[in-house]
Amino acid sequence: VTKRMYKPAFKPAVKDAADTSNFDEQFTTEKPIDSVVDSRLAETAKKSSNFDGFTFVAASALQKD
């Protein structure tokens, strides 16, 4: 799968990356609900240095279909 050698039985036609025509309108017409951001979590994330200098990008993210 990661080598992209697997041929899917069905590959839907899409116009572009934002095309939602293959999703049921039940889901595409729902009003989005924002999630609540806990300010303490945001402050903790700002102080965290766990990912400073992190540059990894998966090879699959760089490949074009």
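Analyst: What follows goes from the whole chain to a few selected residues.

User: How should I read the confidence, and where in the chain is it lowest and where highest?

Analyst: Where pLDDT is low, the predicted coordinates should not be read in detail. This is a predicted model, and the chain averages a pLDDT of 81, with 75% of the residues scoring at least 70. Confidence is lowest in helix α2, residues 39–47, at a mean of 68, and highest in α1, at 91.

User: What does the secondary structure of the chain come to, and which pattern does the chain follow?

Analyst: The secondary structure comes to three helices and zero strands, and along the sequence these give the pattern α-α-α.

User: How much of the chain counts as buried, and what does its accessible surface come to?

Analyst: Of the 65 residues of the chain, 2% count as buried. The accessible surface comes to about 7,100 Å², and 57% of that area belongs to carbon and sulfur atoms.

User: Turning to Asp-19, where is this residue found, and what is the nearest side chain of opposite charge?

Analyst: A salt bridge requires a side-chain nitrogen of Lys or Arg within 4 Å of a carboxyl oxygen of Asp or Glu. Asp-19, found in the segment before α1 (25–28), is buried yet has no salt bridge, and the nearest side chain of opposite charge, that of Lys-15, is 4.6 Å away.

User: Which backbone nitrogens does the side chain of Asp-19 reach, and which residues is Asp-19 in contact with beyond its neighbours in sequence?

Analyst: A polar atom of the Asp-19 side chain lies 2.8 Å from the backbone nitrogen of Lys-15, and the side chain of Asp-19 also reaches the backbone nitrogen of Ser-21, at 2.9 Å. Leaving aside neighbours within four places in sequence, Asp-19 is in contact with Ala-13 and Val-14.

User: What does Asn-22 touch, and which backbone oxygen does its side chain reach?

Analyst: Asn-22 lies in the segment before α1 and, if residues up to four places away in sequence are not counted, touches Pro-12, Ala-13 and Val-14. The side chain of Asn-22 reaches the backbone oxygen of Ala-13 at 3.2 Å, while Asn-22 and Pro-12, ten residues apart in sequence, are 7.5 Å apart in space from C-alpha to C-alpha.

User: Why does Asn-22 count as partly exposed?

Analyst: Asn-22 counts as partly exposed because its relative accessible area is 46%, and that class lies between under 20% for buried and over 50% for exposed.

User: Finally, what is phi of Arg-4, and how should I read the value?

Analyst: Most residues other than glycine have a negative phi. Phi of Arg-4 is near 60°, a positive value in a residue other than glycine. Arg-4 is found in the segment before α1 and, at 40% relative accessibility, counts as partly exposed.

Technical notes. Residues are numbered from 1 along each chain as its sequence is written. This is a predicted model: local features need pLDDT of at least 70, side-chain atom pairs count only at pLDDT 80 or more; totals for chains, interfaces and linings use all residues. Side-chain values use heavy atoms; hydrogens and water are left out. Helices (H or I, at least four residues) and strands (E, at least two) are DSSP runs, numbered from the N terminus. Buried means under 20% relative accessible area, exposed over 50%, partly exposed in between (1.4 Å probe, protein chains only). Lys and Arg count as positive and Asp and Glu as negative; His and the chain ends are not counted. A polar contact is a pair of N or O atoms within 3.5 Å; within protein, one must be able to donate a hydrogen and the other to accept it, and residues adjacent in sequence count only if both atoms are side-chain atoms. Contact means heavy atoms within 4.5 Å. pLDDT is the predictor's confidence in each residue, from 0 to 100. Accessible areas come from the Shrake-Rupley method with a 1.4 Å probe; for residues, only the protein chains shown count as cover.
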